[in-house]
Amino acid sequence: MVSTSSASAPTADLSFEFGPPPPTFVDKYAEREYVKERLALAYRVIAREGMCEGASGHLTSRDPVDRECFWVNPYGLHFSRMTSSDLLLVDHHGKIVAGGKPHQQRYNAAAFIIHSAIHAARPEIDSVVHTHSPYGKAFSTLGRNLPFYSQDSAVFYNDVELYDNHNGVVLSKNESQMIIDKIGGKKALIMQNHGLLTVGGCIESAVAWFMLLENECRTILTAEAAAAMTGSKPISISSEVAEFTQREIGTEEAGRFEALPFFDLVEEECGGAHRK
């Protein structure tokens with residue numbers, strides 16, 4: 001048994017306020033440009049944080065003009081170089097209907113199989129993030145769901161699942177259905193022998209959940225390795241504390257706010273190049 005802290009159920013005298021609120025749009029085409037720019041910036045955030053690998057991985061955002069379609073990266077373009085004009089608009093039949101440069105009119109087939117199914121099954125979800133990040137990959141080989149050792153892990157309390165039916169590169173609609181069934185209505189999925197996947201109501205929250213989950217995987221691997229050297233085990237936070245913390249900082253608004261400093265930093269560093 002893993003030790004559990006004995007803290008009593010917490011109460012709150014204050015609550016978090018997350019802002020500024022996301023922009024609102026009357027013109028759906030203006031909103032489309034905004035969504036594309038934020039998605040391109042998200043790719044650069046993931047690259048800056050060292051969470052991409054080669055040509056693998058994909059981030060998608062639902063198109064506000066045609067919500068049956070989503071925007072995705074062209075295959076083979078490094079995340080750090082992504083611009084809004086590079087992105088491809090793909091429908092739920094896999095057809096590219098708009099976007100991209102003439103020499104970049106292809107995308108990762110696994111992106112379509114996984115992401116199109118999630119977008120179709122989860123209408124409240126506008127963005128999906130999946131990359132082959134190093135600590136997520138390492139933790140996924142253990143074949144277990146997330147333990148709750150730290151305050152940050154509680155963001156995923158009752159909100160993360162383990163998909164343990166790895167069949168290699170996801171190119172089958174049967175497997176995408178199993179992924180949908182496993183993640184259900186939750187925000188995160190640990191895909192055994194594969195990596196991490198997160199979803200959100202916007203790209204900022206989906207990226208925030210991915211980065212937090214990746215960092216939590218690193219924390220778990222480090223804590224368990226350190227504990228093993230002393231013959232002990234990490235102390236888990238109690239279910240009461242985890243549930244309380246999840247209610248406070250595991251919301252869509254909290255996720256978006258968590259990501260904003262990274263988006264702002266990368267936008268400043270790239271000088272707005274993601275908008276090209």
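View 1. His58 is buried, because its relative accessible area is 3% and buried means under 20% relative accessible area, exposed over 50% and partly exposed in between, for a 1.4 Å probe and protein chains only. This is a predicted model, in which local features need pLDDT of at least 70 and side-chain atom pairs count only at pLDDT 80 or more, whereas totals for chains, interfaces and linings use all residues. Residues are numbered from 1 along each chain as its sequence is written, and side-chain values use heavy atoms, with hydrogens and water left out. His58 belongs to strand E1; helices (H or I, at least four residues) and strands (E, at least two) are DSSP runs, numbered from the N terminus. The side chains of His58 and His115 are joined by a polar contact of 2.9 Å. A polar contact is a pair of N or O atoms within 3.5 Å; within protein, one must be able to donate a hydrogen and the other to accept it, and residues adjacent in sequence count only if both atoms are side-chain atoms. Leaving aside residues up to four places away in sequence, the residues that His58 touches include Tyr43, Phe79, Asn108, Ile114 and His130, where contact means heavy atoms within 4.5 Å.

**View 2. Strand E5 and its two partners.** Five of the five residues of E5 are buried, so the strand is largely enclosed by the rest of the structure. Ser127, Val129 and Thr131 are buried on one side of E5, and Val128 and His130 are buried on the other. In a regular strand the side chains alternate between the two faces of the sheet. E5 pairs with E1 in the antiparallel sense over four bridges; two strands pair if DSSP finds at least two bridges between them. Val128 of E5 stands opposite Thr60. Five bridges also join E5, again antiparallel, to strand E8 (residues 195-200), where Val199 is the bridge partner of Val128.

View 3. Eight strands are arranged in the order E4-E3-E2-E1-E5-E8-E7-E6, with mixed pairing. Strand E4 (96-99) and strand E6 (160-163) are the edge strands, each pairing on one side only. Neighbouring strands are turned by 20 degrees against each other on average, direction ignored; axes are lines fitted to C-alpha atoms, for helices over the stretch in contact, and angles run from 0 to 180 degrees between N-to-C directions. Strand E2 (residues 70-72) and strand E3 (residues 88-90) are antiparallel and share three bridges, and Trp71 has Leu89 in E3 as its bridge partner.

View 4. Helix H1 (residues 28-48) lies across strand E1 (58-62), E2, E3 and strand E5 (127-131), and runs at about 160 degrees to E1. The loop between H1 and E1 contains Gly54. Gly54 counts as exposed because its relative accessibility is 59%.

**View 5. The chain as a setting for the close-ups.** The chain holds seven helices and eight strands, and 51% of its 276 residues count as buried. Its C-alpha trace spans about 60 × 45 × 35 Å along the principal axes. Among contacts with a separation of 6 or more, 69% come from residues 24 or more positions apart.
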